[in-house]
Amino acid sequence: MNESTAQALDPRRWRALAFIGLAQLMVVLDGTIVNIALPSAQHDLGISDANRQWVVTAYALAFGGLLLFGGRIADRWGRRRAFVIGLIGFAGASALGGAAVNTGMLLGARALQGAFGAILAPAALSLLTVMFTQPKERAKAFGVYGAISGGGAAIGLILGGALTEYASWRWTLYVNVIIAVVAVAGAIFEIREPEGSRNPNRLDIPGILLAGAGLSSLVYGFTKASTDGWSSTTTLGFIAAALVLLAGFVLVQSRTRAPLLPLRVVLDRNRGGAYLTIGIAVVGMFGAFLFLTYYLQVVLGYSPLKSGLAFLPMVVGMMIGATQVAVRLLPKVPTRALMVPGALIASAAMLILTQISVGGSYATHVLPALLMLGFGMGLVFMPAMNLATRGVKPQDAGVASAMVSTSQQIGGAIGTSLLSTIANNATTNYVHSHAAQVHSQAAGAQLKLAAMVHGFSTAYWIAAGLLALAALSAGLLVNARPLNTDHHGEHHGGDAEVGSEDAAPVFAH
């Protein structure tokens, strides 16, 4: 590392990473922490079955629809400022939701959470991108961040179960206020952003409107598919509208002088491959959360807290994969040498889960599958997130980071609806084909459980195939060479390392 580069590195960057990671954890765990509390909230506020899904959907629509806008806001306002505003707004919306007295108040708060989350998530990742420019350090920072992003959903299940069981569903929202206060204090005292990394261009209003409407329509279309079916007019209408709007968005981006999402960001082979691989992997991974929660609680009879704790091995596996293995190997081996085996290990975990049964045990199939799934996804997420923001101009770091979250959000929406539909159809067909064998009430109850598990097993076969497809995507598209730390951290192969295009950034104090 040369002297000028050493001087440019912010001495507080590692302390800053702790608070950036904390904020990311808050955003990620919010995706699952509320799910466990939903039955209690529904009963307390008298939410109808028809409106129940909107507690989750309102957040997803606002978050998914505004992510690219949030990323560009971070580039324009400054990432530290966007980070603090996102934290304060998210905390305020969480407090509003925790104090909700009716359905409308809770749904409005969830939408506000999603909107501020769309500013916060890209700001957090892009701060990491512009603060950690040395390959070896960058690998460590992204190892921590990748583990948090992947394991946060499982931590949400654990925390949601504990808070719902021992406090109140309202604390699944109030807890965000506590996390945000700590993160804001850390941002004020420890986070400094490099000067000269902002994007002064005016906002691309047509692009913002087209991207927001298109992504929201896509998320909503997939959400409706899980409830109304894939052939319903509503589902097809929203997905078709999304495709038209997003096609219009691409056209506008190719012609405008200051686009919301410069096409060079996604058309780079390695970066585009990273976005695609993350999206496909999340589609498959969502099956584990979705169906295992039901399997543990309904079939094995676990309490919400116990079922949340049952996911801990996945978090452990992910921490090992991301922060121990991937961090050490990324500077030495090609990126796809981690991503491809990681996705295949996760695919093998799903194949183990196809063998679950009504009389099965946690130790036999669930435990080894969760350890493998976590380890494999750690090898996928950490290098993919690193690659997705590597080599991008500092002025585009926010929107490039937003594309990572967009890939995860769209993948999650597709995964939930696709795998739910497959599982439900398989369950229904199983009941119809075995109905003649039922001659008592007890046999009928047993058939329902067997049919449910059969549906989950069928969905896991599809999830295994999707994770194998993610491995294929990484193998064919990603060709970045190892992060070589020789030559003062210069990156060899693919894009230049972040910050290498310009003079070494000077940190503002």
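Which hand, left-handed or right-handed, does the crossing of H6 and H17 have? The views below are of a predicted model, in which local features need pLDDT of at least 70 and side-chain atom pairs count only at pLDDT 80 or more, whereas totals for chains, interfaces and linings use all residues. Residues are numbered from 1 along each chain as its sequence is written, and side-chain values use heavy atoms, with hydrogens and water left out.

**View 1. The packing of helix H6 against helix H17 (residues 397–434).** The two helices (DSSP runs of H or I, at least four residues, numbered from the N terminus) pack at an angle of about 125°, with their axes, which are lines fitted to C-alpha atoms over the stretch in contact, 8 Å apart. H6 is therefore oblique to H17, since angles under 35 degrees count as roughly parallel, over 145 as roughly antiparallel, 65 to 115 as roughly perpendicular and the rest as oblique. The crossing is right-handed, the term for a near helix turned clockwise from the far one by less than a right angle.

**View 2. Leu-120 in helix H6 (residues 103–131).** Not counting residues up to four places away in sequence, Leu-120 touches Ala-23, Met-26, Val-27, Phe-83, Gly-86 and Leu-87.

**View 3. Arg-13 in helix H2 (residues 13–45).** Arg-13, at 11% relative accessibility, also counts as buried. Leaving aside neighbours within four places in sequence, Arg-13 is in contact with Met-131, Phe-132 and Glu-137.

Key
Contact means heavy atoms within 4.5 Å. Axes are lines fitted to C-alpha atoms, for helices over the stretch in contact, and angles run from 0 to 180 degrees between N-to-C directions. Buried means under 20% relative accessible area, exposed over 50%, partly exposed in between (1.4 Å probe, protein chains only).
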